[in-house]
Amino acid sequence: AAAGFSAVVGTVYSTLLAFDTGPDVPYGSTVSVHGDLAESWDHSDDGLTWTFKLRKGVKWQNIAPVSGREFTSADVVCTIDRIQSLPGIQKNLTDVVKKVDAPDASTVVFNLSTPYAAFDTTMATYFMAILPCEGTRGEFDLAEQAIGTGPFILKEWKRKQERLYVKNPDYFVKGLPHVDQVR
């Protein structure tokens with residue numbers, strides 16, 4: 001299941017943060033992250049509060065029932081609430097999260113039970129894909145349909161055979177993706 005899930009994160013789904021990769025990242029260097037759905041983030045001096053400012057204008061893929069609506073902080077809260085209600089590695093990764101708040105549509109505040117210096121890298125793992133509230137509320141089956149904010153839309157899925165992803169025309173990173181489809 002993890003291999004299947006990882007195939008859609010970064011393809012269909014986005015995370016708050018993403019790992020730095022590519023030819024400019026020296027082999028063996030320390031792990032660093034950059035904003036994906038978050039444009040900036042910071043933590044309190046005591047390490048108990050992490051605040052993420054979200055990119056504005058990011059839209060969910062134009063597939064019902066989400067239908068291209070704008071991504072908001074409520075989606076992050078819905079995702080974390082869902083993660084914390086299910087067993088598995090995702091829950092383990094969020095065990096330090098005592099509370100998550102959305103004070104406005106573009107701000108998410110995580111209150112931790114203990115300081116956790118690697119919380120930013122946790123938010124960059126593919127296990128932390130942000131889902132639309134409609135999916136977390138059961139308005140569509142997350143095991144059968146993928147609706148994300150990523151560069152590709154899952155168009156076809158022949159189980160145990162292949163997936164066809166097509167370019168998301170509304171992807172928030174201008175000029176990407178560079179290809180029209182991935183099979």
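T125 is located in the loop that joins α4 (119-124) to α5 (133-136). The model in which this position is described is a predicted one. With a relative accessible area of 18%, T125 counts as buried, because the class covers residues under 20%. Leaving aside residues up to four places away in sequence, T125 is in contact with T15, F19 and L93.

D75 is buried, its relative accessibility being 0%. When residues up to four places away in sequence are not counted, the contacts of D75 are W60, R69, E70, I130, L131, P132 and C133.

The two residues are set side by side below.

| Residue | Location | Relative accessible area | Contacts beyond four places in sequence |
|---|---|---|---|
| T125 | loop between α4 (119-124) and α5 (133-136) | 18% | T15, F19, L93 |

The fold as a whole comprises five helices and nine strands. Read from the N terminus, the order of these elements is α-β-β-β-β-α-α-β-β-α-α-β-β-β. The radius of gyration is 16 Å, close to the 16 Å that the globule rule gives for 183 residues, and the protein is therefore as compact as a globular protein of that length. Along the principal axes, the C-alpha atoms occupy a box of roughly 45 × 40 × 30 Å.

Of the 183 residues in the protein, 43% are buried. Among contacts with a separation of 6 or more, 52% are between residues 24 or more positions apart. The protein has an accessible surface of about 9700 Å², and carbon and sulfur atoms contribute 52% of that area.

What is the make-up of the lining of the second largest pocket by class? Ten of the lining residues are nonpolar, six are polar and two are charged.

Terms used. Residues are numbered from 1 along each chain as its sequence is written. This is a predicted model: local features need pLDDT of at least 70, side-chain atom pairs count only at pLDDT 80 or more; totals for chains, interfaces and linings use all residues. Side-chain values use heavy atoms; hydrogens and water are left out. Ala, Val, Leu, Ile, Met, Phe, Trp, Tyr, Cys and Pro count as nonpolar, Asp, Glu, Lys and Arg as charged, and the others, Gly among them, as polar. Helices (H or I, at least four residues) and strands (E, at least two) are DSSP runs, numbered from the N terminus. The radius of gyration is taken over C-alpha atoms; the globule rule is 2.2 Å times the number of residues to the power 0.38. Buried means under 20% relative accessible area, exposed over 50%, partly exposed in between (1.4 Å probe, protein chains only). Contact means heavy atoms within 4.5 Å. Accessible areas come from the Shrake-Rupley method with a 1.4 Å probe; for residues, only the protein chains shown count as cover.
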